[in-house]
Amino acid sequence: MPPCASFLARHSTAVSDWCSRARRCFVCRAQAPSEPPCRPGLQAPSGALHLRSEGRRYTVLLWEGERPEGANGGGFGEGVAVLAVVPEGQVEPTDVAEVKRDRFTGLGPRVDLGAEDGFLLFNTHHNAGQGYQLADLFHLRGGRLRRVVDGLFTLSARTGCRGSFEQTLAVRTEPDGAGPRAIVLEVERVLEPPDQVRDCPRARAPRRERFADRWRWDAGRGMYRREGGTLDRLVRWNERRV
């Protein structure tokens, strides 16, 4: 077996075994002692990020596969998407979690938090001219996944001359004393975007509005805390249009 294939096989086995032991990836039906452990059928990783946390380096791998026979609850349909955190130079993960919430799941960019890193994860699908996206933002603590932002919902609609809009998510960080950098998530909403109304009679100029929230590191609690902002208003606007 080529070295790359051998590497992936060892990680796949380790991740599946971790899921089976911890039961954090999905809920299996009750099993008799003679039955084999309930494991997902994992494919090759669909994405990987190299991250820093507390002076150590980790690789975060996104594995996709099929839900094992007899599993119920969690995930989205028959598919599973599993995040695994692997310390540099090791095979055994220090944390694994199922993260599939929609038809397509993918890793986003790394987020520079100063001496550490975070990352975005997206769950998306498109239907009848609308695009749906849930964005999560994670970082690592003690080799474990920590969710900072939980399922920020953005929406787009491509419906021609009237009613079209698009929403674009951006993330930036800001210095915040000696601790990890503050995180700002901003969404720009554009009503009647130019590419949708360019050939329309009486096309109006696009109307733009920005919504943002900020998260700051709480050293006493050892976690990021949301300071507030205007993203809740955007989410309510979106929910009325689903």
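This is a predicted model: local features need pLDDT of at least 70, side-chain atom pairs count only at pLDDT 80 or more; totals for chains, interfaces and linings use all residues.
**Aromatic pairs and nonpolar cores**

Arginine 189 sits over the face of tryptophan 237, 4.3 Å from the ring centre.

The structure contains three aromatic pairs. One of them joins phenylalanine 119 to phenylalanine 138; the two rings are stacked, with 5.4 Å from centre to centre and 20 degrees between the planes. Distant parts of the chain are linked by this pair, since phenylalanine 119 belongs to strand β9 and phenylalanine 138, 19 residues away, to strand β10. Phenylalanine 119 and phenylalanine 138 are both buried. Tryptophan 237 takes part in another pair, with phenylalanine 165: the ring centres are 4.9 Å apart and the planes stand at 80 degrees, so this pair is edge-to-face. Because phenylalanine 165 lies in strand β12 (residues 165-174) and tryptophan 237 in helix α3, the pair ties together parts that are 72 residues apart in sequence. Phenylalanine 165 and tryptophan 237 are buried as well.

Attention now turns from the rings to the nonpolar cores. In soluble globular proteins, nonpolar side chains tend to be buried together. The largest nonpolar core here has 19 residues, and those touching the most other members are Leu137, Leu152, Ile183, Leu185, Trp215 and Leu231. At least two residues of this core come from each of β10 (130-141), β11 (144-157), β13 (182-191), β14 (207-218) and α3 (231-239). Apart from this core lies another, with 15 residues that include Leu49, Leu62, Val85 and Leu140. Within the largest core, tryptophan 215 is one of the residues touching the most other members. When neighbours within four places in sequence are left aside, the contacts of tryptophan 215 are Val148, Val149, Ala182, Ile183, Leu185, Tyr224, Arg225, Arg226, Glu227 and Leu231.

Phenylalanine 119 is 70 residues from leucine 49 along the chain, yet their C-alpha atoms are separated by 8.2 Å.

Strand β8 (residues 104-112) and strand β9 (residues 117-127) run antiparallel and are joined by seven bridges. Together β8 and β9 form a hairpin, with four residues between the strands; in the turn, glycine 114 has a positive phi of about 100 degrees.

Some overall values complete the picture. The secondary structure of the protein amounts to three helices and 15 strands. Of the 242 residues, 45% are buried. Among contacts between residues at least 6 apart in sequence, 48% join residues at least 24 apart.

Note on methods: Residues are numbered from 1 along each chain as its sequence is written. Side-chain values use heavy atoms; hydrogens and water are left out. A nonpolar core is a set of buried Ala, Val, Leu, Ile, Met, Phe, Trp, Tyr and Cys residues joined through side-chain atoms within 4.5 Å. Buried means under 20% relative accessible area, exposed over 50%, partly exposed in between (1.4 Å probe, protein chains only). Contact means heavy atoms within 4.5 Å. Two strands pair if DSSP finds at least two bridges between them. Rings of Phe, Tyr and Trp (its six-membered ring) pair if their centres lie within 6.5 Å; planes under 30 degrees apart count as stacked, over 60 as edge-to-face and the rest as tilted. A charge sits over a ring if NZ of Lys or CZ of Arg is within 6 Å of the ring centre and within 35 degrees of the ring normal.
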